[in-house]
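Q: Could you walk me through a few residues of this structure? I am new to it.

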Amino acid sequence: MIRAMGLALAILMVTTAAEAAEIGLGWLGLRPVSDRPVTVLDGPPPADLGLAGLRQAIADNNAGGRFLGQSYRLDAITLTNEAEAEPALVRLAQSGIRFVVTDLPAPLLSTLAALPAAAGLVFLNSGAEDDSLREGQCRRNLLHTIPSRAMQADALAQLLVRRNWKKWALLVGPAPEDGLRAAALRRAARKFGARIVAEKPWTFTRDAQRNAEGEVAALTRDWSYDVLMVADETGEFGDTAMFNTFDPRPVAGTQGLGASAWHPAHDQWGANQLQNRFRAQNHRAMTELDFAAWTAGRAIGEAAMRARATDPERIEATLRAENFALAVYKGRTASFRPWDGQLRQPMLVGWARAVVAAAPQEGLLHPITDLDTLGTDKGENLCVLH
């Protein structure tokens, strides 16, 4: 009897595998110009940053998809320069790919999404945090699983204001992305009732970091504030700001206390299962970029499962539906905002070694969902989808 059941199960599995319909996912990533670590403590960034998360999602999708006759294929292209981007996109489209997960700079992603070759494709942005892609440069064929800078700043602001740390001093680095980060922090301060009481640009060179102890103390000597906020996405000075302020004050922003979609120390709501699966497959901790790519891949798998279809149009329609819900191991399900394509999801606020709190904070009121207190809400968003 047992032997007969085993044979029947084997026949069923073979039949299922033979009938499995394939769903193709593409990956377009651009290798960083420099792989120089920010400090001597760090090695070069992993070559498969982000892509490893998508591979994990493909494995997870295939584990569940075999029961529905669905299988998932990944076609990954990592670019070495921007000139390779358009030919790579054409190649993906010609191979039948309809869903492309990307880790590209915002201008390049915006250009690709507008090409004739992108007609009929859906891009899932897992790398560009630029708010412009969710507002003035938004497009109907763009979805975003990486949180915007506005979402990150709002999550941080909610915690700081809840703790009555409402007076912020702000140091802004010289890179263009530092300016965008500073703009998000100023906006979050206005939104949640904090104040920027002092602000200065960081004008010292990288070599001057060796004297950052004196520079940070001198810059903050005459300020009266609760928290020093740093906008330093390239790591010029933010790490040296901690413990070097004139008065004893915490540091937050791009260094110190920060907000992200994922944290390597996060282990609640079953998150340790994903952390362990990822570490077993990749021999390193899961980063926010890995998580954003994993979320993009899983969103496609979840939509295909709910639609019980492999047809791209039905998958996309399910993905954008109001009742779509994706489990993301953070106690709440995630879904895509219809007005800008951003994935609404809980955020984790923490420092390098621990998660301090989750956002949105309890008690925040919103007519639809308090998850929309993070980032630009429908009434304030400038996106006009086209």
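**Selected residues**

A: Leaving out residues up to four places away in sequence, A189 touches W168, A194 and I196, where contact means heavy atoms within 4.5 Å. This is a predicted model, in which local features need pLDDT of at least 70, side-chain atom pairs count only at pLDDT 80 or more, and totals for chains, interfaces and linings use all residues. Residues are numbered from 1 along each chain as its sequence is written, and side-chain values use heavy atoms, with hydrogens and water left out.

Q: Where is A189, then?

A: A189 lies in helix α6, residues 176-192; helices (H or I, at least four residues) and strands (E, at least two) are DSSP runs, numbered from the N terminus.

Q: Is A189 buried or exposed?

A: A189 counts as buried, because its relative accessibility is 2%; buried means under 20% relative accessible area, exposed over 50%, and partly exposed in between (1.4 Å probe, protein chains only).

Q: What about F67, buried or exposed?

A: F67 is exposed, with a relative accessible area of 64%. F67 sits in the loop between α2 (51-65) and β2.

Q: And where is D75?

A: D75 belongs to strand β2, residues 70-79. Apart from neighbours within four places in sequence, D75 is in contact with residues including L25, W27, R91 and I97.

Q: Which side chain of opposite charge is nearest to D75?

A: That is R91, 4.3 Å away. D75 is buried yet has no salt bridge, defined as a side-chain nitrogen of Lys or Arg within 4 Å of a carboxyl oxygen of Asp or Glu. Lys and Arg count as positive and Asp and Glu as negative, while His and the chain ends are not counted.
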